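Thanks for coming. Please look at the sequence and the model.

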Amino acid sequence: MALRLGGASSLEGSVGAFLDVAARCGGPIRALQRRWIEALLGEPAASCSALRAVAHEFEAIGYRLPAADCHADAALLARRANLDPTPDEAEARRLYAACSAVPLLGELPEPRWIGAAETTRPA
């Protein structure tokens with residue numbers, strides 16, 4: 001939720017808490033989750049690429065719901081970076097449909113979260 005609201009300190013706190021827990025865990029799924037969560041703190045344009053890569057890796061091992069969520073995050077960050085979010089939104093929709101799921105925070109695109117970009121990363 002902090003990613004959507006653009007709360008840099010909340011996002012950093014949440015990521016930090018997740019990474020603290022993840023440091024005590026192992027395995028390939030946890031490694032993918034770490035890369036996903038760490039990407040949320042990066043510069044939006046670069047984070048899009050990182051999230052797409054993680055999404056493809058999740059899908060390759062049959063984890064379609066996390067793959068969809070990664071694409072949804074990438075689409076949100078693409079919009080904030082004034083990049084084309086359409087491919088990530090389409091992939092997210094496809095994967096959500098394949099799982100008979102819907103995006104947790106609302107249908108794509110997520111326009112109500114786009115304007116929060118100015119507070120996502122400190123200047």
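Start with Ser-47, which counts as buried because its relative accessibility is 3%. Keep in mind that this is a predicted model. Ser-47 sits in helix H4, which covers residues 44-60. A polar atom of the Ser-47 side chain lies 3.4 Å from the backbone oxygen of Gly-42. If we set aside residues up to four places away in sequence, Ser-47 touches Ala-39, Gly-42 and Leu-77.

Now the overall picture. The protein chain has 7 helices and 0 strands. Read along the sequence, the pattern is α-α-α-α-α-α-α. Of the 123 residues in the protein chain, 36% are buried. The accessible surface is about 6,300 Å², and carbon and sulfur atoms account for 59% of that. Among contacts in the protein chain with a separation of 6 or more, 58% are between residues 24 or more positions apart.

How far does the confidence go? The average pLDDT of the protein chain is 79, and 73% of the residues score at least 70. The stretch to watch is residues 116-123, where pLDDT stays under 50. For those residues the model has 17 contacts beyond four places in sequence. Where pLDDT is low, the predicted coordinates should not be read in detail.

Next, the aromatic residues. The structure holds 2 aromatic pairs. One of them is Trp-36 with Phe-58, an edge-to-face pair, with 5.9 Å from centre to centre and 80 degrees between the planes. Which parts of the chain does this pair tie together? Trp-36 lies in helix H3, residues 28-39, and Phe-58 lies in helix H4, so the pair joins parts that are 22 residues apart in sequence. Trp-36 and Phe-58 are both buried.

Phe-58 also pairs with Tyr-63, and that pair is stacked: the centres are 6.3 Å apart and the planes are 25 degrees apart. Is Tyr-63 buried, partly exposed or exposed? Tyr-63 has a relative accessibility of 35%, so it counts as partly exposed. Phe-58, by contrast, counts as buried because its relative accessibility is 1%. Taken together, the ring pairs link Trp-36, Phe-58 and Tyr-63 into a cluster.

On to the cysteines. How many disulfides does a search of the whole structure find? The search finds 0. Cys-48 has a relative accessible area of 1%, so it is buried. Cys-99 is at 26% relative accessibility and therefore counts as partly exposed.

What does its side chain make a polar contact with? The side chain of Asp-88 makes a polar contact with the side chain of Arg-52, at 2.8 Å. Leaving out neighbours within four places in sequence, Asp-88 is in contact with Arg-52, His-71, Ala-74 and Ala-75.

Trp-36, Phe-58 and Tyr-63 form a cluster through ring pairs. For residues 116-123, remember that pLDDT stays under 50. That is what I have.

How values were computed
Residues are numbered from 1 along each chain as its sequence is written. Side-chain values use heavy atoms; hydrogens and water are left out. pLDDT is the predictor's confidence in each residue, from 0 to 100. Contact means heavy atoms within 4.5 Å. Helices (H or I, at least four residues) and strands (E, at least two) are DSSP runs, numbered from the N terminus. Buried means under 20% relative accessible area, exposed over 50%, partly exposed in between (1.4 Å probe, protein chains only). Accessible areas come from the Shrake-Rupley method with a 1.4 Å probe; for residues, only the protein chains shown count as cover. A polar contact is a pair of N or O atoms within 3.5 Å; within protein, one must be able to donate a hydrogen and the other to accept it, and residues adjacent in sequence count only if both atoms are side-chain atoms. Rings of Phe, Tyr and Trp (its six-membered ring) pair if their centres lie within 6.5 Å; planes under 30 degrees apart count as stacked, over 60 as edge-to-face and the rest as tilted. A disulfide is a pair of cysteine sulfur atoms within 2.5 Å.
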